[in-house]
Amino acid sequence: MEPAASPALSVRELRKAFTREQPVLQGVDIDVFPGELVAVLGANGSGKSTLLRCAIRLIEPDSGRITLAGRDIASASGSDLRELRRQAAMVFQQIHLVQRRTALENVAYGALGRIGGWRSLSYRAFPPDVIETAWRSLERVGLAHKAWQRADTLSGGQAQRVAVARALCQQAQVILADEPVSSLDPRAAEDVLSLLADIARSDGLAVACVLHQPDLARRYADRIIGIAAGEVVFERTPATIQDSEVAHLYLGELDG
Amino acid sequence: MASSPAAVGRPARSKPGIVRKLIWLAIAGGAAAIYWHAWNDIGGSITDLFSSIGNLWDLIRRSTPPNTAIFHESVNASITTLDTALIGTTIGLVLSLLITPFAARNLSPHRLVYEAARVVIAFTRTIPSFIFALYMVVVVGLGPYPVALALAIHSVGTLGKLFAETIEDMDMGPVNALRAAGASRMQVFLHAVLPGVAPSFVSLSLYRFDVNVRDSLAAGFVGGAGIGFLLFNSIQLFQYKDAAMELTVMLVLLLAVERISTLLRARIV
């Protein structure tokens, strides 16, 4: 799928400081279009994860404009904000499945935001269309045969694919993945990243993915954004990126 | 030279030895004074204990053999005691589940709500259940019912505190994941918090039931219910053979409940 004309997620001049001396984000601009996977590279503490969390205001940014699914999220509040947040699904490094529940239940939890009232109180009462979406999401990540297995019995790679299925079940337009493969072995990391890339290209979702592995970013991303000290320092396609640029990103860490 | 080069930079203790000895002496003296006061306050006397050993022997003689004629009555009363603890624990469990989300620092919607929930828990936990039983007798009359209500109130505090602490120690990852997916507070509690803490909650509730069976005996004295009340009456009326039977049944009951509760809890966690 060719990238569409308007971005699913657009961030302009995003600023955030936890302490006065050391701002984490100093005016970041990024766009993520439907149908593409954007990799965000950067050293520890460069502001990558804060960027993702600020984008859906899990952390409140100090200033900046954020458009999600064509709507302004920066000024939304209350139920509007919750409604808008549902347009972006998060995938975490530590996976965060509910351990004592089955894979299928965990996937269905992604839809909680759109199930109202008493039907959301128990999995057994979830509407049939939500269960159907959960099954299809689990099939999409190739784990339908693990549906009734408890989350704590899955391998790390399987658990992260279930978490991706949970994000799919949320039916968001954007997936924000925060180091989704950092706790996985290389083989499982490949599986999860190729899955995310395929979801972007085949299903037309906009995927932003914070990574620590430049080689994976080169192979799976459509665009690579480098962040250092809270600023975008480069934005390249995998074909045009230079080794020196990537190496430079991590140099700051040496004296930090 | 006596001191090695490394010892040069070693600082002396801030207080000299004699001062530290005096402090310890003062602490020991203070403790001794408190114990002396306490022993006198309770009228403690070692000679009394030895001179009244005959009374103890007489008590044992008058208690044997236990009166088997009241065996059935004792068993029935024991079942009432168990029922009281069961209903009391269950009501307490439901109420404490309602208050727990507000009493856990990491889930409570506001600090004032948290403090208010903590006050309720502290109040119900600090006052012993037999005191609540005294008041409940005034409200609903004598019998097992006021005792069950008293146990329920006290359990709100004890279970609520332990539940809240369990939640404060839990992994917040799934909670944050569901919040990010747009789930409401209620949904997060039901689907992310409860599954994580359920085994601990079941274990704590079983333990509370175990404790409540014993509390139900003591509260039975004042509430007029169960095996505790029978025992209390028998002793008051000098029916020591009856009391011995009741005590035996009670002991078997308590040991059985404790054993079963321990076995169940070992299987859960």
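The structure is a predicted model.

**Contact between the chains**

- Chain A contributes 21 residues to the contact, and chain B contributes 15 residues.
- On the side of chain A that touches chain B, helix H2 (78–85) and strand E6 (88–91) each supply at least two residues.
- That side of chain A has nine nonpolar, seven polar and five charged residues.

**Nonpolar core**

- In soluble globular proteins, nonpolar side chains tend to be buried together.
- The largest nonpolar core in this model has 142 residues.
- Within this core, the residues with the most contacts are A:Val40, A:Val174, A:Ile175, A:Leu196 and A:Cys209.
- Helix H7 of chain B, residues 144–168, gives the core its largest share, 13 residues.
- Leaving aside residues up to four places away in sequence, A:Cys209 touches A:Leu37, A:Val38, A:Ala39, A:Val40, A:Ala177, A:Pro180 and A:Leu196.
- Two of those partners, A:Val40 and A:Leu196, are also listed among the core residues with the most contacts.

**Helix pair in chain A**

- Helix H4 (residues 128–140) and helix H5 (residues 156–169) of chain A pack with their axes 8 Å apart, at an angle of about 135 degrees.
- That angle makes H4(A) oblique to H5(A).
- The two helices, H4(A) and H5(A), have a right-handed crossing.
- H4(A) makes the contact through A:Thr133, A:Ala134, A:Ser137, A:Leu138 and A:Arg140, while H5(A) uses A:Ala165, A:Leu168 and A:Cys169.
- Sorted by class, the contact of H4(A) with H5(A) has five nonpolar, two polar and one charged residues.

**Helix pair in chain B**

- In chain B, helix H4 (residues 71–103) and helix H5 (residues 111–126) have axes that come within 8 Å and cross at roughly 135 degrees.
- H4(B) and H5(B) are therefore oblique to each other.
- The crossing of H4(B) past H5(B) is left-handed.
- From H4(B), the residues B:Ile99, B:Phe102 and B:Ala103 meet B:Val113, B:Tyr114, B:Ala117, B:Arg118, B:Val120 and B:Ile121 of H5(B).
- The contact of H4(B) with H5(B) consists of eight nonpolar, no polar and one charged residues.

**Backbone features in loops**

- A cis peptide bond runs from B:Thr64 to B:Pro65, with omega near -10 degrees.
- B:Pro65 lies in the loop between helix H3 (53–63) and H4 of chain B.
- A:Ala69 is a residue other than glycine with a positive phi, near 50 degrees.
- The place of A:Ala69 is the loop between strand E4 (63–68) and strand E5 (71–72) of chain A.
- With 18 other C-beta atoms within 10 Å, A:Ala69 is partly exposed.
- B:Phe238 is not a glycine either, yet its phi is positive, at about 60 degrees.
- The loop that holds B:Phe238 runs between helix H10 (226–236) and helix H11 (240–268) of chain B.

Technical notes:
Residues numbered from 1 in each chain as written. Chains lettered and ligands numbered in written order. Predicted model: local features only at pLDDT ≥ 70, side-chain atom pairs only at ≥ 80, totals over all residues. Axes fitted to C-alpha atoms, helices over the stretch in contact; angles between N-to-C directions. Helix = DSSP H or I, 4+ residues; strand = E, 2+ residues; numbered from the N terminus. Parallel < 35°, antiparallel > 145°, perpendicular 65-115°, else oblique. Left-handed = near helix turned anticlockwise from the far one by under 90°. Contact = placed C-beta atoms within 7 Å. Nonpolar A, V, L, I, M, F, W, Y, C, P; charged D, E, K, R; others polar. Core = buried A, V, L, I, M, F, W, Y, C linked by C-beta atoms within 7 Å. Buried ≥ 20, exposed ≤ 12 C-beta atoms within 10 Å, placed from the backbone.
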